[in-house]
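Dear colleague,

I am handing over the structure we spoke about, and below it I have written down what was found in it. Please keep it open beside this message while you read.

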Amino acid sequence: MLRKLLIGTALATTFAFSAHAEDVKEVQMLHWWTSGGEAAALNVLKGDLAKEGYAWKDVPVAGGGGDAAMTALKAMVAAGNYPTASQMLGYTVLDYAAAGVMGDLTETAKKEGWDKSVPAALQKFSVYDGKWVAAPVNVHSVNWLWINKAVLDKIGGSEPKTFDDFVALLDKAKAAGVIPLALGGQNWQEATMFDSVVLSTGGPEFYKKAFNDLDDASLKSDTMKKSFDNLAKLVTYVDPNFSGRDWNLATAMVIKGDALVQVMGDWAKGEFNAAKKTPGTDFLCYRFPGTDGSVIYNSDMFGMFNVPDDRKAAQVALATATLSKSFQSAFNVVKGSVPARTDVPDTDFDACGKKGIADLKAANEGGTLFGSLAQGYGAPPAVANAYKDVVSKFVHGQIKTSDEAVTELVKAIDDAK
Amino acid sequence: MSSVATTQIKLTPERSRPSVRARLQDALPKIVLAPSFAITIVFVYGFILWTVYLSFTNSKTFPSYVITGPRAYLRLWGWTFDSDPPSSWYTSIVNMGIFGFLYIAICLALGLFLAILLDQKIRGEGVLRPIYLYPMALSFIVTGVAWKWFLDPGLGLEQTLHQWGWTSFHFDWIKNKDFVIYTVVIAGVWQASGFIMAMFLAGLRGIDGEIMKAAQIDGATTFQLYRRIVIPLLRPIFLSAFIVLAHLAIKSYDLVVALTSGGPGGSAWLPSNFMYEYTFKRNEMAVGSASAVIMLMTIVAIIVPYLYSELREKPR
């Protein structure tokens with residue numbers, strides 16, 4: 001009985017195999033830029049490649065944060081079926097490079113001068129073991145305030161320069177009956193805001209030590225405690241209904257004038273643009289108070305896989321097009337981020353974009369360009385998520401005091417390392 | 001099977017040996033079943049073993065085959081007692097207890113109650129039954145999103161009642177770290193209780209009317225009738241319903257994600273959320289696998305004794 005069953009099984013599986021063909025003039029791209037603005041931005045790249053005769057094949061997976069895409073990618077790579085390239089974030093690139101599945105673009109990089117034009121902080125993630133394995137598409141920065149100008153004028157406020165200014169401004173908004181701070185109570189949003197708070201409270205050196213080098217002494221220092229206290233202060237200015245809210249709904253509150261300000265990365269600008277708002281007249285972009293001169297960044301990368309030789313030409317074409325100045329400008333104007341190379345002219349960008357480009361250049365030269373821990377550019381995912389846990393539990397009251405928060409933070413990060 | 005074939009040959013002497021056709025007929029069910037059998041062996045039991053194996057390795061982003069001992073289990077064991085502040089694992093298993101117990105108990109009670117009411121030969125049963133049953137046709141994602149909006153204090157029930165004038169009404173469980181898990185119970189019960197009702201209704205319809213009449217003649221009250229006769233007779237239905245509900249409860253992942261996106265500070269996590277988070281988002285595949293193995297063990301520990309006690313009394 002069992003033997004017959006097994007023979008039957010063998011017969012049945014024979015039919016399951018099918019032929020497999022490769023196309024050489026084709027770029028296979030795994031990404032999660034499926035929403036309107038992002039898809040439009042990507043169309044620029046598709047057009048550029050079509051001019052060179054390369055067809056574009058999407059392997060799109062919906063879902064903003066890309067969790068589903070990363071799961072799909074893991075399966076594709078495990079099956080040996082590499083896409084030409086995949087949208088990737090931070091440490092993921094290095095993980096895949098360590099697993100030996102990434103390609104080598106060093107020649108192209110040399111020819112195109114990426115070494116000089118791409119900020120060194122980004123190269124930490126796009127270069128592995130001396131080899132270029134990924135092409136950075138953009139640089140987002142996290143330490144921004146997005147303010148509704150009409151509300152700011154109504155309450156008679158001005159740009160806050162220090163954390164205390166900021167608190168005073170929030171108090172004014174509260175007195176005027178506006179929700180002072182729009183926050184989405186999801187762990188990554190809370191932690192993204194906390195990145196800025198730490199930079200503001202402790203300064204650039206402290207941020208780097210604590211959140212990029214994961215230095216124990218800094219993590220359990222009084223400065224960190226003070227940062228948690230400052231976070232607790234900010235959380236008193238959110239509306240009671242904030243928990244679980246999506247980031248774009250929080251942005252919408254600022255756009256509509258229900259709330260004064262949101263602390264969010266520059267992808268929030270995409271929402272303002274979509275609502276036909278102009279920077280300077282409808283909304284204002286300021287650096288988080290006390291962080292001017294520093295940039296906390298994250299960046300989208302196109303990880304390049306070690307594809308067979310007959311697909312390498314298409315990969316090189318994709319990488320070259322991705323880091324070309326024209327695409328970097330066209331794409332980032334739409335996406336709200338700034339170019340991943342510092343030599344792209346800022347003529348097409350709006351006021352916030354121009355400021356972002358200038359800030360990035362200055363931070364790159366001054367050594368104050370830091371990876372965002374909340375966005376996975378400060379430490380590997382295990383650590384970054386342990387950090388988000390602690391911040392979120394502190395915001396929502398499972399962790400009650402800043403003393404406890406610091407102890408938990410050190411414990412969680414040590415455990416995850 | 002082959003013994004049956006032999007007897008047939010003796011009865012029909014003109015077929016002195018089994019023809020190809022007869023043998024094919026004999027083998028056909030096995031050939032047809034073989035693919036699904038193989039798929040189950042590989043993709044269910046094979047991967048269970050693989051997961052157990054991975055939980056003892058140092059797997060991070062990708063599976064690794066280097067055995068490093070029960071480190072992942074020791075970490076989970078440590079987290080099991082981290083109650084203040086609660087570790088994610090502690091939250092997950094406490095939530096599983098609360099959710100599993102309330103979900104199964106309320107679904108069974110409500111399903112039975114609705115079935116008994118519908119069984120009173122009322123008018124319009126044909127309309128009412130599908131109304132209760134319909135939520136089961138929705139996916140957990142749809143249920144989760146609908147209830148998320150309904151329970152959101154700024155959008156749904158609370159807001160509506162405030163607009164109608166009842167401004168003191170306050171219901172913010174979905175935003176509250178201590179109560180958010182109960183909103184998952186509410187949504188889950190709403191979805192499944194109609195289906196459980198249909199199961200009980202089928203069971204009630206299967207009960208012989210003569211028994212009921214005999215009991216009524218003997219002077220049993222309605223309550224006694226149900227308590228002493230109907231409910232004991234429904235015991236097999238309880239078993240089926242329990243198994244359906246138990247596996248729905250354990251695999252609830254999408255409901256938590258859609259309804260609460262994890263809850264304030266991760267306070268709505270269930271073990272399945274923990275497993276997915278650690279395996280795919282935090283690149284701690286060994287810990288994720290270990291938590292999956294513990295989930296499996298828990299189910300086995302509950303279901304196997306229950307199945308044993310229920311099925312033992314009816315030998316084949």
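**Helix ends and loops in chain B**

In helix α9 of chain B, which covers residues 209–217, the N-terminal end is capped by B:Asp208, one of whose side-chain oxygens lies 3.1 Å from the backbone nitrogen of B:Glu210. Please bear in mind from here on that this is a predicted model. After α9(B) comes B:Gly219, whose phi is positive, near 90 degrees. Elsewhere in chain B, the peptide bond that leads from B:Asp84 to B:Pro85 is cis, with omega near -10 degrees, and B:Pro85 itself belongs to the loop between α3 and α4 (88–118) of chain B.

Chain A has a backbone detail of its own, for A:Lys276 is a residue other than glycine with a positive phi, near 60 degrees. You will find A:Lys276 in the loop that runs between α14 (268–274) and β11 (283–287) of chain A.

**The two domains of chain B**

The domain assignment divides chain B into domain 1 (7–55) and domain 2 (77–311), and the C-alpha centres of these two domains of chain B lie 38 Å apart. Their contact involves five residues of domain 1 of chain B and seven residues of domain 2 of chain B. Between them, domain 1 and domain 2 of chain B bury about 440 Å², of which 84% is on carbon and sulfur atoms. On the domain 1 side of chain B, 73% of the buried area comes from B:Thr51, B:Leu54 and B:Ser55, more than from any other three residues. How many salt bridges cross the interface of domain 1 and domain 2 of chain B? The rule finds zero salt bridges there, and zero residue pairs in polar contact, counting pairs in which both residues have pLDDT 80 or more.

**The two domains of chain A**

In chain A, the assignment gives domain 1 (25–140 + 297–366) and domain 2 (141–295 + 369–416), so that each domain is listed as two stretches of the chain. Taken over C-alpha atoms, the centres of domain 1 and domain 2 of chain A are separated by 27 Å. Here 27 residues of domain 1 of chain A are in contact with 26 residues of domain 2 of chain A, and the two bury about 2100 Å² between them, with 61% of it on carbon and sulfur atoms. A:Tyr91, A:Tyr297 and A:Cys352 supply 31% of the area that domain 1 of chain A buries against domain 2 of chain A, more than any other three residues.

Across this interface of domain 1 and domain 2 of chain A the rule finds three salt bridges, and the count of residue pairs in polar contact, both at pLDDT 80 or more, is eight. Several elements of chain A, among them β3 (85–89), α7 (120–126) and α17 (351–366), each supply at least two residues of the side of domain 1 that touches domain 2, and α17(A) gives the most to that side, with nine residues. A salt bridge in chain A also joins the side chains of A:Lys269 and A:Asp350, at 3.1 Å from N to O.

**A sheet in chain A**

Four strands of chain A form an open sheet in the order β14-β7-β12-β15, with mixed pairing. The edge strands, each of which pairs on one side only, are β14 (338–339) and β15 (369–371) of chain A. Strand β7 (residues 138–141) of chain A pairs with β14(A) in the antiparallel sense over two bridges, and A:Val139 stands opposite A:Val338 in β14(A). Helix α16 (residues 325–335) of chain A packs on the sheet, where it touches β7 and β14 of chain A, and its direction makes about 30 degrees with that of β7(A).

**Where chain A meets chain B**

Finally, the contact between the chains takes 34 residues from chain B and 34 residues from chain A, and the chains bury about 3100 Å² between them, 53% of it on carbon and sulfur atoms. The count between chain B and chain A is four salt bridges, and A:Lys411 forms a salt bridge with B:Asp82, the closest N and O atoms being 3.7 Å apart. The rule also finds 17 residue pairs in polar contact across the interface of chain B and chain A, both residues being at pLDDT 80 or more. In chain B, α2 (20–55), α3 (71–80) and α13 (271–281) each supply at least two residues of the side that touches chain A, and α2(B) gives the most to that side, with six residues.

With best wishes

Terms used. Residues numbered from 1 in each chain as written. Chains lettered and ligands numbered in written order. Predicted model: local features only at pLDDT ≥ 70, side-chain atom pairs only at ≥ 80, totals over all residues. Heavy atoms only, no water. Pairing = 2+ DSSP bridges. Contact = heavy atoms within 4.5 Å. Axes fitted to C-alpha atoms, helices over the stretch in contact; angles between N-to-C directions. Domains from an automatic or database assignment. Buried area = accessible area lost by both parts, 1.4 Å probe. Polar contact = N/O pair within 3.5 Å; in protein donor to acceptor, adjacent residues only side chain to side chain.
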